[in-house]
Amino acid sequence: MPGPLYQYLADDHERLDSLFQRAVARPGVIDPEPYHEFRKGLLRHISMEEKIVLPAIAKWQGGRKAAIAEQLRLDHGALVALLAPPPTPSIMLTIRSILEVHNKLEEHEDGLYRLLDDLAGAETETMLAQLKAAPPVAVLPNNDKPEVLDAAKKAVASAGHEFQ
């Protein structure tokens, strides 16, 4: 049975998935309002994992990172890079394909979120309060320079994914 930390983070995945689906509901069109909320939410979610979850796991494991930490960080870098240029159908397909694999790594029964719940123990409530209090991330306007898209494609490849 998932613990409260798992549940909080998995619920955020569901919220982000819903925003994503609303943003791409019309074929070939990206609805700017739900996309903007998705973008803000995903950046905050990644920040929570990078600044709170992964460091806490390493601390509780005596400095040893979670086994999947490196892949998660590569995925986070690719996702952040994909959020920099203006959204296109191919960018949205790529984000979706990365998240399908990435979220399973976190939510699987042997995934990051179960490990977090297992290790937190007496610090569960403190950790949950930290996650809930995580501030929004500053979101810059999209950048339509070609080199921004090129950098995103390189980050996607570095993470082991394909640009759609």
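**Exercise 1.** Find which backbone oxygens the side chain of arginine 44 reaches.

*Solution.* Start with the position: arginine 44 lies in helix H2, residues 32-60 (helices are DSSP runs of H or I, at least four residues, numbered from the N terminus). Next, look for polar contacts (pairs of N or O atoms within 3.5 Å, one able to donate a hydrogen and the other to accept it; residues adjacent in sequence count only if both atoms are side-chain atoms). The side chain reaches the backbone oxygen of leucine 131 at 3.1 Å. The backbone oxygen of alanine 134 lies 2.8 Å from a polar atom of that side chain.

The model is predicted: local features need pLDDT of at least 70, side-chain atom pairs pLDDT 80 or more, while totals for chains, interfaces and linings use all residues. Residues are numbered from 1 along each chain, and side-chain values use heavy atoms, without hydrogens and water.

**Exercise 2.** Determine whether arginine 44 is buried or exposed, and state its distance to the nearest side chain of opposite charge.

*Solution.* Arginine 44 is buried (under 20% relative accessible area, 1.4 Å probe, protein chains only).

Note on methods
Helices (H or I, at least four residues) and strands (E, at least two) are DSSP runs, numbered from the N terminus. Buried means under 20% relative accessible area, exposed over 50%, partly exposed in between (1.4 Å probe, protein chains only). Lys and Arg count as positive and Asp and Glu as negative; His and the chain ends are not counted. A salt bridge is a side-chain nitrogen of Lys or Arg within 4 Å of a carboxyl oxygen of Asp or Glu.
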